[in-house]
Structure formats: C-alpha cells, structure tokens
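Look at the structure first, then read on.

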Amino acid sequence: MMSVVQRISTRKAVVATAAAALVLALVMFIARGDSSKAEAPTPATSVIILSGDGMGIQQRTAIQYALYGLNERQPMDALPYTGFLDTIPAGPIAVTDSAAGATAWAIGQKTINGYTGLPPSKERVPTLLDIAKAQGKTTALINDHDVTNATLASFGGPVIERDWKSVIADKEIYNNKVDILMGGNEAYWYPPGNDGMIPNTNKDGEDDSEGTKGNLVEKAISQGYQYAYDKETVAGLTGPRVLALVQDSAKRRWIETKGYKLGKDPHYVPVVDMVNKALDIADNNPNGFFMAMESDDLDSAGHEHDVRNVIESGKTVNQIVAAVQEYRKTNPNVLLIVTADHETGGMTIEPMGETNTNSDGDDPIPYWSKKPLNNAGPKGEVPIRSGPVTIKGTNRKFKVDWTTGEHTGGMVPVTAVGPNADELVGVHHNTWVFDVAKRALLGQE
Ligand SMILES: [Zn+2]
C-alpha cells in the first residue's frame, strides 16, 4: 500500500509526465507549423567555400571600418569560428598564385603555381566538387569575374595551365559536372567572330570572343543547361542545370571605363542575386550541394592598388555571407567557409599624413585619366585610390599603402559557421580546408 507521500509524488510524476508530453507535442506542433512555411531542412550536409581573392587581414579590416565602423561586426567576421591558414604553394616559390591557393582547398594538396585542381604529379585526383557530385549533390561555381578563372577551375576544371580558359570551360560542363555556373567572361565560351550576348564595350578588343573549343554555349544548351546572360534571364532560371554568363567584373569596369554605369547595364547581375538563385535551385536537391564562389575583383583591386574597389568588393563578400546566413536559418546543415587564397598588394592601413611608398600597381587606372590615380606621386603623395577612407560613424580617416603589385605570402584569416566549422579554429595549412569540407560533405563528424 502506498503511503500518502508516495501517492502524492506518483501523482506529481504523472502530472509532470503529462505536462512534458504536452510541451513536446506543442514543440512538435510549432515545428511542423514552421516547416509548412519553409521546407524541412535536409539531413544532408552542404558546403560553401567563399573566397575573397587577395583578402588578407588588412583588407578585411579596411572593409570592416569603411562599411560597418567600429562596433557592428561585418557579416564575414561575425561567424562563430576563426582560424588562420598558411598559403605557401609547393615548388620553389614562396608566394602562391590563385591556382595553387585554391587547389590546396580543392584537393587537399599543395601544388605548383599555375596548376588548377592538380597535384605536382599532375595525376587527376577527386576535387571537393567531384566528391560532392559523387554523392548526388548539386554543384555550383560562381564568380563576379571570369567563371573559368583559376580559383573556380581548381574545383571544376583541372588543368596544368590556368590560362587554358576554353579547356576549363569545356571541362566545367563536361558530363554536366558543374550544375550551376554563373559569372563573367563569355569571351572564352564563344569562338572568334561570334560576339555572344553581351555588347563589347572596350574598343581595345578586350571583350572580343577568343574561345578555342567552338561554341561552348551551344554545347551547354544541347546538354540541357538553361542559358542566361542578363538580369531578366538570370531571374527566369529554374535549373537544375544553368549557365549564366553575365557582365564580367562590372565593378572594375565601372571604375575604369569612362561613362560606364553598372546600375544601368542590363547584363550586370549582382553576385548576391546569382548566389540566391543558386541556393533556390540547389534547395530542390535533398542530397545537398557544394558551391565554390569568390570575389575576384578584390584581387584585381589589390593588384591595381585601389582600396575603393577592395571595399566595393568586400561589400559583395558580406552580402553573400548575409544571404547564406539567411538561408541557414531554415537550412542549418550548411558549412560556410570564408577565406582567401593569399593577400594581394601588401596593403597596409596607415594614418593620414604619412607618405606612400613608390610601389606601382599593375595598371594605371583609370585608363582614360591624364595621370594614374592609383600610383603614388614622386614625393610619396597619396593617390586618391589609396584614400582617404572614412571609418563609418566617425570623423576618423585612414589611407592605405602598398608594397607590391603582386601577391604576398602571409597567413590569411578563415571564418566559418555550420557543421565541422569548429575544426577550422587554430593555425593550419590551407589544405586543411579540404579535410574539413570533405568530412562535412560526407556527413562525418
Ligand atoms: Zn588569388
């Protein structure tokens, strides 16, 4: 026979259990109610590697100060896990190019500058994109510049010479390897004499078609790719396979080309719009996705000693991170890694009043100006492309200086969120990105 105390405690337990069940039912009900709005997150994991090409610590800091000020943390730096990656390639040279830098992420091996997606032995090994494809995941390569450039080619177009653009393009669509290809430079997709869909704006022939593998747009369409070339056609894409060749490096063009207004160019599609479209399409695949994307303009801006365009390109990187974080609200199984293949330009934040080193950028810009606005004057006068830059929300200004028109060899920051992101904390070889991303793609802890 139960004592009174026992009876009371039993009754309490029954009440507690009933209450717990009710709470559980309520939670499940709310969860179900929620998922009727957005589709339930897939258990499959997805991976996004976002590169700010040439984005070292100083670039990240300049972007933070100019766009977000001293208090609000910029989206790419607000990710919960942070580490550092070395960038040194294989071979005799101490400083990497973009090909060897991205190949380290793509295949987990250091390689020779100029190789995309291939180790020093040149033997073909699976890239992260291959691994994702074998898992039935959707694959995507997205760029604000050339979609066949070295960074993206390291995932989708393994070759020993990064300048074999049409070969890379052909590999990207071979056997429908890359489901979603979005970016610039249609010139490598059309043969000479076929101007493609985007009007040539440069009189120097820079836009002229120079494809060496025939009409690759036609080939892609015959393989089932939807083709887009401007805002409207990109908006109309439904997938599962798409090729969008839009205005190449429109932000750079805007700074360099007299009279060009990117806001009025129907062929300019902001990268974040392409990323959102890619997420929309990939969302239909329950197996998840792998995407590699970058702002190549950031690197060009470093080569050209143009801090304004570094900041403009940083805006793009932050917009992409914000878009992915929005997507992750309903699909948390996405690992997002934000990093750089190397730093470009030896850029340094300095106080106003100091002179600038006489280190010339790659090209005098803008081309139409009487004197270049990106190179220091004879007495170290600060060129206007190096500042002043106002720190948002303050009266404080800085300018930047540069040591080289080329890449530098320091470590680069990496920030991350999502499955396995914590493994990026610490100092690692850049090949570590491959190890972490591969485990995430395979759903391994
Ligand atoms: Zn690079």
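Asparagine 430 counts as buried because it has 28 C-beta neighbours inside 10 Å. Buried means that 20 or more other C-beta atoms lie within 10 Å of a residue's own; 12 or fewer makes it exposed, anything in between partly exposed, and C-beta atoms are placed from the backbone. This is a predicted model: local features need pLDDT of at least 70, side-chain atom pairs count only at pLDDT 80 or more, and totals for chains, interfaces and linings use all residues. Residues are numbered from 1 along each chain as its sequence is written.

Asparagine 430 sits in the loop between β15 (426-428) and α13 (432-441). Helices (H or I, at least four residues) and strands (E, at least two) are DSSP runs, numbered from the N terminus. Leaving aside residues up to four places away in sequence, asparagine 430 touches Leu85, Asp86, Thr87, Gly101, Ala104 and Trp105. Such a contact needs C-beta atoms, placed from the backbone, within 7 Å. Alanine 340 is 90 residues away along the chain, yet the two C-alpha atoms are separated by 9.5 Å.

Now to strand β6. Five of the five residues of β6 (residues 242-246) are buried, so the strand is largely enclosed by the rest of the structure. Val242, Ala244 and Val246 point one way, Leu243 and Leu245 the other. In a regular strand the side chains alternate between the two faces of the sheet.

Two strands pair if DSSP finds at least two bridges between them.

| Strand | Bridges to β6 | Direction |
|---|---|---|
| β4 (residues 180-184) | five bridges | parallel |
| β5 (residues 226-228) | three bridges | parallel |

Isoleucine 180 stands opposite valine 242 in β6. Tyrosine 227 faces leucine 243 in β6 from the opposite position.

How values were computed. Contact = placed C-beta atoms within 7 Å.
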